[in-house]
Amino acid sequence: MNPKQLLDTLQLQPKKSLGQNFLHDPGILDKIVQAAELSPQDTVLEVGPGTGALTVRLAQSGAQVIAVEVDDRLLPILSDQLRDFSNVRVVKEDILNADVSALVGGKPYSVVANLPYYITSAILRQLLETSHKPQRLVLTIQYEVAERLVAKPGDLSLLGVSVQFYGKPSIVARLNPAVFWPRPEVDSAIIRIDVYQQPRYEVPGEQEFFRVVRAGFSQKRKQLKNSLGSGLGLSNPVAAALITSAGIDPMRRAETLSLDEWAALTQVVAVKVK
Ligand code: SAM
């Protein structure tokens, strides 16, 4: 049965507030699982199993699946759909309050999810900023957000820099709204993020790096010397001198800097601004 038929059996309606757009296209579900490259030795966390269409395919890979669903109305459907699999554990919880490291038993893990779009940024932060990061994420997100994640210098945003600091994102496929029920209003994308196992950029500290990047992006369309100056509480000439000593033109805008340039700027700020 497809997700609509499964919800109909219990006379349930999808909840928009929980981002419930269920995937029902088998080809797309297969593409997501292929991108995750799972084997029976792996542990995979699924956020929002919904009616279990993706969960069943994850379970068929033989990996240990931990599926975290906040909507308890769906639990009877999930236990029925997953009755043949002993390698799946469904946990009723809000993922944003969950201790992910404990859920995966401290093991290396991947994350696979057709995400509820309202938590995209929050979940990326939760999973990437923790010490026990996933090795890989394969997520269905809004296409426009996926484009921001893979953006190159010239089009980078705070979100793009934040994700690229931790891993390498790539778009696996663009998805038409018709592959979901109910249809979302926008196109979606399958995105894969391969998380760096060792820090890729040398910075004095992650917090310091993000303090500088946030300051740089604090004022839209302003030159870096203005946004960094006001974000860090420095005069524009002082900010301009710092930026120059990192080898960067202070008249450039934040969205044009590469990750290496943000790292170089952080080094200079850490040494010269106490
Ligand atoms: N995986 C299913 C599929 O592909 O058809 C459902 C995906 S649907 C886009 C998002 C799912 O995430 C829904 O089942 C929803 O109830 C669940 N969800 C929403 N917010 C959540 C949260 N904070 N924690 C855990 N699950 C959540």
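Me: What makes strand β5 (residues 110-114) mostly covered?
Reply: Five of its five residues are buried, buried being under 20% relative accessible area with a 1.4 Å probe and protein chains only. Strands here are DSSP runs of E, at least two residues, and helices are runs of H or I, at least four, numbered from the N terminus. This is a predicted model, where local features need pLDDT of at least 70 and side-chain atom pairs count only at pLDDT 80 or more, while totals for chains, interfaces and linings use all residues. Residues are numbered from 1 along each chain as its sequence is written, and side-chain values use heavy atoms, leaving out hydrogens and water.

Me: How do you know that strand β2 (residues 43-47) and β5 pair?
Reply: Pairing takes at least two DSSP bridges between two strands, and β2 and β5 have three, in the parallel sense. Val44 stands opposite Ser110 in β5.

Me: Why is α11 (residues 236-245) called oblique to α12 (residues 259-272)?
Reply: Their axes come within 8 Å and cross at roughly 125°. That makes α11 oblique to α12, because angles under 35 degrees count as roughly parallel, over 145 as roughly antiparallel, 65 to 115 as roughly perpendicular and the rest as oblique. Axes are lines fitted to C-alpha atoms over the stretch in contact, with angles running from 0 to 180 degrees between N-to-C directions.

Me: Which residues of α11 meet α12?
Reply: Leu242, Ile243 and Ser245 meet Leu265, Val268, Val269 and Lys272, contact being heavy atoms within 4.5 Å.

Technical notes
Buried means under 20% relative accessible area, exposed over 50%, partly exposed in between (1.4 Å probe, protein chains only).
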